[in-house]
Amino acid sequence: MPPCTRGGYTSSAPRRRPTGSERRRRVQLREVEPAADRDPVEHPQHDRDETEEVFEGVPGGPIDRCILRSFHKHIAAKIWLGEDRAPLKLVNHGAKLQLWELDMERSRIYETVHRSGLAPLTSCSHRVASRPMLSAFCERWQPKTTTFHLPFGEMTITLDDVASILHIPVTGSMISFSQPLRVDDANALLVELLGTTDVEASRETEQCRSPSVRLLWLRDHFSSITDASSDDDIEFATRAFLLHLVGCTLFADKSATSVAVVYLELFRDLSMVGSYAWGAACLAYLYRQLTTATRFKVRQLGGYLTLLQAWIYEHFPEMFSSPDLSYIESRPRALRWRPYVIPNSLQSVRERLDRLQSSDVCWEPYVDHRAEHPFPDIAWFSGCIKCGLVVEPYHPERVLRQFGYIQTIPPRPFAPPRPDRSMLLDQY
């Protein structure tokens, strides 16, 4: 077990009691409840709670809600007031990846996948995810700060965590789309980039009732392609494999069976796949999925849950993890752990988190990993990260202890402009 360092928390932001006029003011704005099965890449504007409401503090929660404005709609506030929900249903495709493996007969496809920087995803996904553990951490997530609020302060998944846990690129071109993909455009992409017929493409998107295709459909149509096939068929199969790969991992959505066709555009030029910041896109997508799951009526959690689960194992090894003693540091840190289902109830995990102290945390878990995988300087970037039409704030200054420094009072969190977010993507 690598050495764990401890950090200090110097102080917290001063609290200001609301004035009488503020207590009397109740500004309620209309808000749309996000659909539980909606893909945030296609509909980003409905998944973040940006309601500009002013309310009194919640008992047991923030007194001054100038930052956590929508805390009264957070699952944590509902639990405090006596309401509860069952552990979240988890969208985890770890087992499906083994249904389409690249053996020696598919070496040409594997060579392209290896050059893309996404090859580690074929082997590092956890087949098992713990519903009580991930649900309890999700309840600690705050969308405004994009951090977990724990008894001793804030923590989050950083770009350093993504690079160390998954070994995929965190630098490069950001993944962006100019607008949501329509079904007709999705059909055209399938015909052009996967070589399907118009009838096959239309039938598949119609069955999905969205510009998406089923993971099973991709396997059925392309997994039989080998090195003996034509060059065109190998190129189509390579794109299909990469689409299947990111649909099972980085961008797993709440349909639990399909992947958005919009990602296929990223594989148009297979020589350019490795130029994207896949890790940053994965992190933005997971941030959005955590944000959506903090809403009381949401019952599922998507995103790449291997990243979230491995992050918990790395930073809380004495509480939740079971290490793989055969692990070597040249491999992604996701493979360092043997995931298992925690037998405890959700309430018992909540109580364990309530008792956490800073001394229980492994603040710098990758010390032994640096020789093989150095610290990426991009992890210090503070601003916005994005995945398609999803734009999320990234605040490493709020979690300095994870970088080996003493935590100071952080600045006010940055919020992407909501109304014009899709038009401002090129700024980030």
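**Notes on the helix packing around α9**

1. Starting with handedness: α8 passes α9 in a left-handed crossing. The fitted axes of α8 (residues 215-222) and α9 (residues 231-248) come within 10 Å and cross at roughly 155°. Angles over 145 degrees count as roughly antiparallel, so that is how α8 and α9 sit relative to each other.

2. Who does the touching there? On the α8 side you'll find Leu-215, Leu-218, Arg-219 and Phe-222, and they meet Phe-236, Ala-237, Ala-240, Leu-243, His-244, Gly-247 and Cys-248 in α9. Sorted by class, this α8 and α9 contact has eight nonpolar residues, two polar and one charged.

3. Before going on, a word on confidence, since this is a predicted model. Mean pLDDT for the chain is 86, with 82% of the residues at 70 or more. Two stretches need care. Over residues 1-38 pLDDT stays under 50, and the model has 68 contacts beyond four places in sequence for them. Residues 49-55 also stay under 50, with 29 such contacts.

4. The crossing of α3 past α9 is right-handed. From α3, the contact uses Arg-108, Ile-109, Thr-112, Val-113 and Ser-116, while α9 supplies Asp-231, Ile-234, Ala-237, Thr-238, Phe-241 and Leu-242. That splits into six nonpolar, three polar and two charged residues.

5. Then there's α6 (residues 183-194). The α6 and α9 axes come within 9 Å, crossing at roughly 130°, and the two helices are therefore oblique to each other. The contact is made by Glu-192, Leu-193 and Leu-194 on α6, and by Phe-236, Arg-239 and Ala-240 on α9. By class it has four nonpolar residues, two charged and no polar ones.

6. Last, the salt bridges: how many does a search of the whole structure find? It turns up 18. One to look at is Asp-354 with Arg-140, where the closest N and O atoms are 2.4 Å apart. Asp-354 lies in helix α13 (residues 346-354) and Arg-140 in the loop between α4 (131-138) and β2 (141-142), so this pair ties together parts 214 residues apart in sequence.

Key
Residues are numbered from 1 along each chain as its sequence is written. This is a predicted model: local features need pLDDT of at least 70, side-chain atom pairs count only at pLDDT 80 or more; totals for chains, interfaces and linings use all residues. Side-chain values use heavy atoms; hydrogens and water are left out. pLDDT is the predictor's confidence in each residue, from 0 to 100. Contact means heavy atoms within 4.5 Å. Axes are lines fitted to C-alpha atoms, for helices over the stretch in contact, and angles run from 0 to 180 degrees between N-to-C directions. Helices (H or I, at least four residues) and strands (E, at least two) are DSSP runs, numbered from the N terminus. Angles under 35 degrees count as roughly parallel, over 145 as roughly antiparallel, 65 to 115 as roughly perpendicular and the rest as oblique. A crossing is left-handed if the near helix is turned anticlockwise from the far one by less than a right angle, and right-handed if clockwise. Ala, Val, Leu, Ile, Met, Phe, Trp, Tyr, Cys and Pro count as nonpolar, Asp, Glu, Lys and Arg as charged, and the others, Gly among them, as polar. A salt bridge is a side-chain nitrogen of Lys or Arg within 4 Å of a carboxyl oxygen of Asp or Glu.
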